[in-house]
Amino acid sequence: MPLILRLCWIVLCFLGGLQLSFCYKWDFGALLNAAVGRETCSQHWTSFNLTNLEKALEARLFGQHLVVKFLPRLLNVHRNVPPKKALAIALHGSTGTGKTFVSQIVAEHVLRKGEESKYFHRFIAHRHFPLIGKDHIRHYKNQLRTWISGNVSRCPNSVFVFEEIEKFPEGLVDEIVPFLEPFAHIEGVDYRNAIFLFTTNLGKAEIAKEVLSHYRAGGEREELKAGVFDKFLSKYSYNEDGGFKYSALIEKHAIESHLPFLPLERQHIRKCIEVELHHLKEECAMSEDTIAAVADEIDYYDFGDGSPLDGLFAKHGCKKIKPKILYHC
């Protein structure tokens with residue numbers, strides 16, 4: 001902030017009868033930026049609220065009790081206990097189960113402007129890294145390293161989301177490893193407050209098999225444990241084609257948790273339909289007939305054994321529900 005403005009601030013404090021120590025404590029520049037809506041990397045713009053995040057996940061995310069339980073804990077420890085390293089979490093599951101949606105919710109609760117924040121960065125393989133070949137990969141690695149170091153140097157609380165990591169060139173995300181090491185500084189930049197999220201379909205079939213086996217054994221959905229999934233998702237991702245294949249991110253255990261997004265059931269699909277109907281209330285009235293009709297049009301897995309599990313799990317989760325609703329309005 002220009003010296004003349006800072007001096008004016010101190011004079012105003014003094015004339016107002018405030019102690020100089022109070023005036024020095026408060027950053028007038030940050031207060032001014034907040035007042036005019038100018039985003040900065042201050043606590044005002046990058047504060048984390050655990051309670052609000054928990055409430056948002058419980059109210060807006062359906063059928064993912066493991067994510068609702070463990071994701072807030074991981075973020076809370078990272079933001080409220082001095083972190084040893086940047087936080088990295090992999091979100092595994094099939095299409096339409098809520099992975100990208102959760103990354104949006106996280107952004108809303110660690111950055112005041114959410115996805116619109118200049119400290120939020122989403123990478124998509126076909127958009128940011130569309131070309132193949134060693135020369136292109138080398139260029140992308142340099143580019144990715146520059147993007148991350150530059151953005152974290154501007155704001156240590158930056159959030160990075162890597163969408164559909166299975167589509168990333170093999171070896172590219174290894175460039176992230178140094179930023180996830182437990183170092184205080186790398187070339188003068190502290191990365192420990194940054195957050196890295198990876199969404200992926202890797203392991204979706206294995207997640208479904210584990211859930212199916214659990215159900216067939218008479219287990220309840222809420223009895224499924226996160227630890228069961230974490231180990232095999234890490235191992236599976238390391239051996240399958242895609243961005244995590246033979247990755248140092250997994251070899252060095254740089255990713256704190258591999259969280260599973262479970263296949264959604266008909267009851268969860270109905271909740272998604274209700275939410276969309278609420279958003280479309282001016283075009284489509286909420287009714288049980290509409291909810292039931294749309295739910296029936298969703299594709300479900302048929303295991304061919306005549307068991308009660310046939311028709312229970314949706315193949316594509318809550319994806320493409322909106323156009324199906326509009327057909328009935």
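A nonpolar core is a set of buried Ala, Val, Leu, Ile, Met, Phe, Trp, Tyr and Cys residues joined through side-chain atoms within 4.5 Å. Buried here means under 20% relative accessible area, exposed means over 50%, and partly exposed lies in between (1.4 Å probe, protein chains only). The model is predicted, so to speak of local features pLDDT of at least 70 is needed, side-chain atom pairs count only at pLDDT 80 or more, and totals for chains, interfaces and linings use all residues. Residues are numbered from 1 along each chain as its sequence is written, and side-chain values use heavy atoms, with hydrogens and water left out.

**Figure 1. The whole chain, for orientation.** Welcome to the overview. The chain holds 15 helices and five strands; helices (H or I, at least four residues) and strands (E, at least two) are DSSP runs, numbered from the N terminus. Of the 329 residues, 47% are buried. Among contacts (heavy atoms within 4.5 Å) with a separation of 6 or more, 72% join residues 24 or more positions apart.

**Figure 2. The largest nonpolar core has 33 residues.** Look for Ile-148, Phe-162, Ile-176, Phe-196, Phe-198 and Phe-244, which touch the most other members. Two or more residues come from each of β1 (87-93), α9 (134-154), β3 (159-163), β4 (195-200) and α12 (248-251). The biggest share, five residues, is from α9. Apart from this core lies another, of 27 residues, including Phe-48, Val-67, Leu-111 and Leu-197.

**Figure 3. Phe-162 and its contacts.**

**Figure 4. Helix α5 (residues 50-60) meets helix α7.** The two axes come within 10 Å and cross at roughly 155 degrees; axes are lines fitted to C-alpha atoms, for helices over the stretch in contact, and angles run from 0 to 180 degrees between N-to-C directions. The helices α5 and α7 are therefore roughly antiparallel, a term for angles over 145 degrees. Their crossing is right-handed, meaning that the near helix is turned clockwise from the far one by less than a right angle. From α5 come Asn-52, Leu-53, Ala-56, Leu-57 and Arg-60, facing Phe-101, Val-102, Ile-105, Glu-108 and His-109 of α7. By class, this contact has six nonpolar, two polar and two charged residues. For these classes, Ala, Val, Leu, Ile, Met, Phe, Trp, Tyr, Cys and Pro count as nonpolar, Asp, Glu, Lys and Arg as charged, and the others, Gly among them, as polar.

**Figure 5. Helix α6 (residues 65-80) against α7 (residues 99-110).** Here the axes come within 12 Å and cross at roughly 35 degrees, and the crossing is right-handed. Val-67, Leu-71, Leu-75 and Arg-79 of α6 make the contact with Val-102, Val-106 and Val-110 of α7. Six of these residues are nonpolar, none is polar and one is charged.

**Figure 6. A closer look at Val-106 in α7.** Val-106 is buried, with a relative accessible area of 1%. Not counting residues up to four places away in sequence, Val-106 touches Leu-71, Leu-75 and Leu-197. Its C-alpha atom is separated by 7.3 Å from that of Leu-53, 53 residues apart along the chain.

Figure 7. His-253 is exposed, at 67% relative accessible area.

Note on methods: Angles under 35 degrees count as roughly parallel, over 145 as roughly antiparallel, 65 to 115 as roughly perpendicular and the rest as oblique.
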